[in-house]
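Trainee: May we go through this structure together? I would like to begin with the ligand.

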Amino acid sequence: MLSLNNKKIILAVSGGIAAYKSALLLRLLIKQGARVQVVMTESAKEFVAPLTFQALSGEIVRSDLFDSAAEAGMGHIELAQWADLMIIAPATANTLAKITHGLADNLLTALCLTSKAPLLIAPAMNQQMWNNTTTQENVTKLSKKQSIFLCGPALGEQACGDSGYGRMEEPQKILQQGIKILENQTISSGLLKDRHILITAGPTIEDIDPVRYVTNRSSGKMGYAIAQAAINEGARVSLVSGPVCIEQPQKVEFYSIRSARQMHETVLKIVASADVFIATAAVADYRPASKRIQKLKKNSENLTIELIKNPDILADVAALANKPVTIGFAAETNDIEAYAIDKLKRKNLDMIAANQVGDAKGFEKDDNELYLFWHKDNEIQSKKLPLADKQILAKQLIEEIALSFTQDINIL
Ligand code: PMT
């Protein structure tokens, strides 16, 4: 994990009871080696004295937009440019609203407009205020921005006695997210800037009756890692995912589906604007011919369930007149190369990433190895991406895709 050694962070505190937790966040940031400049709104000072933050950071706390002493040294423009990351914790409903609408009536909001650093926002407010449609609209607008990240709020009991979403996330979690944002920034070279990448991930579930279904062991780890790697390279990412138990990457346009037919329908709705389609999902090839309305009874020794073929999402995308660069996966237990090349040709793909599955390989694991095959000059090219963590493999795969194909795509 990256430490925050010498990273320059603005910790902006707005006026809520959770401001006391920001003192702990400040300690954690300093412990990680960060240089932190605390900025407080006037109402934040009603909750915690600036001296607390000054003592912990070793820096005078900044509050005034027009502070002649500060402007003579590091003025607010320089402060905005100085920062590698800005964190607002807690962010009140009022501050969220101001940022959404580009107001700059105090130092905190002015910094948000001036700084190019990524902005991590940890909202904290009464649960009614959080659920209010205006606040939700503001949050939705903010979360769509490429450089704004949200952390929380968390669910639980509130200082006012209410219970619900509105508690500031724990400082440790905000710290971890801050580190992740900086980590992703460090590794990005913007290879897929302005590209739209459509990715399928996870398993599909095909219902037999109200309590039973057919599925497979896909955890979504490979597909989600590819989505994150594409985001890190500046892409707009649509992720169509079957049910999984892992956290979705921030900044993806997320589509949750259950069955292969739902995945097929969703992909075909979005694909027209995609530059690249990556089919990582383990789509069930077959589904029960019909879903029983009532639970199947155990009436006989044997049971036969008729299965019928699902639509082939990858093949249908590859057959489109205006198809995106189309990349399939092949999960094989044996003869990887032969099966993968057959799928590459048969499904009219631009590239296939094959992996061995079974014997604790491919599915569910944190690591994987991939064999890439693609056409070039009427020949099949190949490359092995050796065993590595799925996040590392995903980055390598995205780089291969960006370098091999997207150079030729006209941006829509
Ligand atoms: O999710 P993880 O636990 O991290 O595991 C990752 C993985 C092993 C699932 C992944 O690396 C992988 O191999 N995904 C493809 C799994 C698969 O279904 O392979 P396949 O060889 O059966 O299918 C070939 C390709 O056609 C795949 O790109 C698949 O998404 C696509 N397909 C298949 C059937 C179908 N009806 N529609 C499709 O689009």
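Trainee: Which atoms lie 3.1 Å apart at Lys-347?
Mentor: In this predicted model, an oxygen atom of the ligand is 3.1 Å from an N or O atom in the side chain of Lys-347.

Trainee: And what about backbone atoms, say at Ala-281?
Mentor: A polar backbone atom of Ala-281 is 2.6 Å from a ligand oxygen atom. For Leu-314, a polar backbone atom is 2.9 Å from an oxygen atom of the ligand.

Trainee: How much of the ligand's accessible area does the protein cover?
Mentor: On its own the ligand has 770 Å² of accessible area, and the protein covers 95% of that. The ligand is surrounded by 28 residues, and Ser-219, Ala-281, Lys-343, Asn-355 and Glu-364 are the closest.

Trainee: Turning to helix H13, which of its residues are buried?
Mentor: Helix H13 spans residues 336–346, and its buried residues are Ile-336, Ala-340, Ile-341 and Leu-344. They line one face of the helix, because they fall within an arc of 115° when seen down the axis of H13.

Trainee: What do those buried residues pack against?
Mentor: They pack against strands E16 (325–332), E17 (351–356), E18 (367–376) and E19 (379–389). On the other side of H13, Ala-338, Lys-345 and Arg-346 are exposed.

Trainee: Which residues touch the most other members of the largest nonpolar core?
Mentor: That core has 35 residues, and those with the most contacts to other members are Ile-197, Ile-226, Val-237, Ile-278, Leu-370 and Leu-397. Helix H10 (residues 221–232) gives the most to this core, with eight residues.

How values were computed:
Residues are numbered from 1 along each chain as its sequence is written. This is a predicted model: local features need pLDDT of at least 70, side-chain atom pairs count only at pLDDT 80 or more; totals for chains, interfaces and linings use all residues. Side-chain values use heavy atoms; hydrogens and water are left out. A nonpolar core is a set of buried Ala, Val, Leu, Ile, Met, Phe, Trp, Tyr and Cys residues joined through side-chain atoms within 4.5 Å. Buried means under 20% relative accessible area, exposed over 50%, partly exposed in between (1.4 Å probe, protein chains only). Helices (H or I, at least four residues) and strands (E, at least two) are DSSP runs, numbered from the N terminus. A residue is near a molecule or strand if one of its heavy atoms lies within 4 Å of it. A polar contact is a pair of N or O atoms within 3.5 Å; within protein, one must be able to donate a hydrogen and the other to accept it, and residues adjacent in sequence count only if both atoms are side-chain atoms. Accessible areas come from the Shrake-Rupley method with a 1.4 Å probe; for residues, only the protein chains shown count as cover. The arc is that of the directions from the helix axis to the C-beta atoms. Contact means heavy atoms within 4.5 Å.
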